[in-house]
Amino acid sequence: MKLYTRTGDEGTTSLIGGRVPKDHLRVTAYGELDELNSFVGWAITCCRRSEMEMLREQLSTIQHELFDCGADIAYAEKKQGKFIYKIRSEQVEQLEKWVDEHEAANAPITKFILPGGSETAAALHVCRTVCRRAERQLVTLSHQETVHVDVMKYVNRLSDYFFAAARRANMLIGVQDQEYVRSADVFGKKEQHD
């Protein structure tokens, strides 16, 4: 099998059910998810220490689920009624469980946290910011076309996961989170999740 097909030489690509321009919002959205998945792969390689085995396993699961998210949005609008989605509420609930477990193990947070600390935490913060960009692209797409609601929920929870996992990575190897020095105590009140 050849890697190149020449079918996209004129600026179009295939979705499930049809061809669209390569700058179509749906293509851009799953491209953002693909970029995020690449950064998750990098984050896995940063989890070299034995203490981080649990993070490696979770991130590996997330990579497969990001492929599922991409598949769930990579269809031409006209075919949406016949499409069976891969992402379901169970995956969203699993992310929430992992976030809760990481946060229960992490030190209480009172100030804004700067991305960084350990190499692994820095990689996970990159995943968090790329995830937020992917989410914004999905929202943009949803203004014009149908986007599977569980993909929207999954990607929203996923950025929370990356934040909690970055803090957990630092905690596991004894590296302090880097607090923003001009931050007031902002998390003393009940936390609000978006």
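Let's start with two helices: the axes of H2 and H5 come within 12 Å and cross at roughly 160 degrees. Axes here are lines fitted to C-alpha atoms, for helices over the stretch in contact, and angles run from 0 to 180 degrees between N-to-C directions. Helices are DSSP runs of H or I with at least four residues, numbered from the N terminus. H2 and H5 are therefore roughly antiparallel, a label for angles over 145 degrees. H2 passes H5 in a left-handed crossing, meaning that the near helix is turned anticlockwise from the far one by less than a right angle.

A word on the basis. This is a predicted model, where local features need pLDDT of at least 70, side-chain atom pairs count only at pLDDT 80 or more, and totals for chains, interfaces and linings use all residues. Residues are numbered from 1 along each chain as its sequence is written, and side-chain values use heavy atoms, with hydrogens and water left out.

Next pair. H2 (residues 53-73) packs with H3 (residues 89-105) at about 155 degrees, axes 12 Å apart. H2 and H3 are therefore roughly antiparallel too. Their crossing is left-handed.

Now H4 and H5. The axis of H4 (residues 119-142) comes within 8 Å of the H5 axis, and the two cross at roughly 165 degrees. So H4 and H5 are roughly antiparallel. H4 passes H5 left-handed. The residues of this contact divide into 15 nonpolar, six polar and four charged. Nonpolar covers Ala, Val, Leu, Ile, Met, Phe, Trp, Tyr, Cys and Pro; charged covers Asp, Glu, Lys and Arg; the others, Gly among them, are polar.

On to charges. A salt bridge is a side-chain nitrogen of Lys or Arg within 4 Å of a carboxyl oxygen of Asp or Glu. By that rule, the count is twelve. One of them joins the side chains of Glu32 and Arg133, at 2.6 Å, N to O. This pair links distant parts of the chain: Glu32 sits in H1 (residues 25-46), Arg133 in H4, 101 residues apart.

Last, the second largest pocket. Its space is about 240 Å³. A pocket is an open set of points on a 1 Å grid over the protein atoms alone, where a 1.4 Å probe fits, with protein on both sides within 12 Å along at least five of seven lines; lining residues have an atom within 4 Å of a point. The volume is the space filled by probe spheres set on the points, which are joined across faces, edges and corners. Of the 14 lining residues, Ala107, Arg167, Val175, Gln176 and Asp177 are closest to the centre. H5 (residues 149-172) gives the largest share, three residues.

How values were computed
Parallel < 35°, antiparallel > 145°, perpendicular 65-115°, else oblique.
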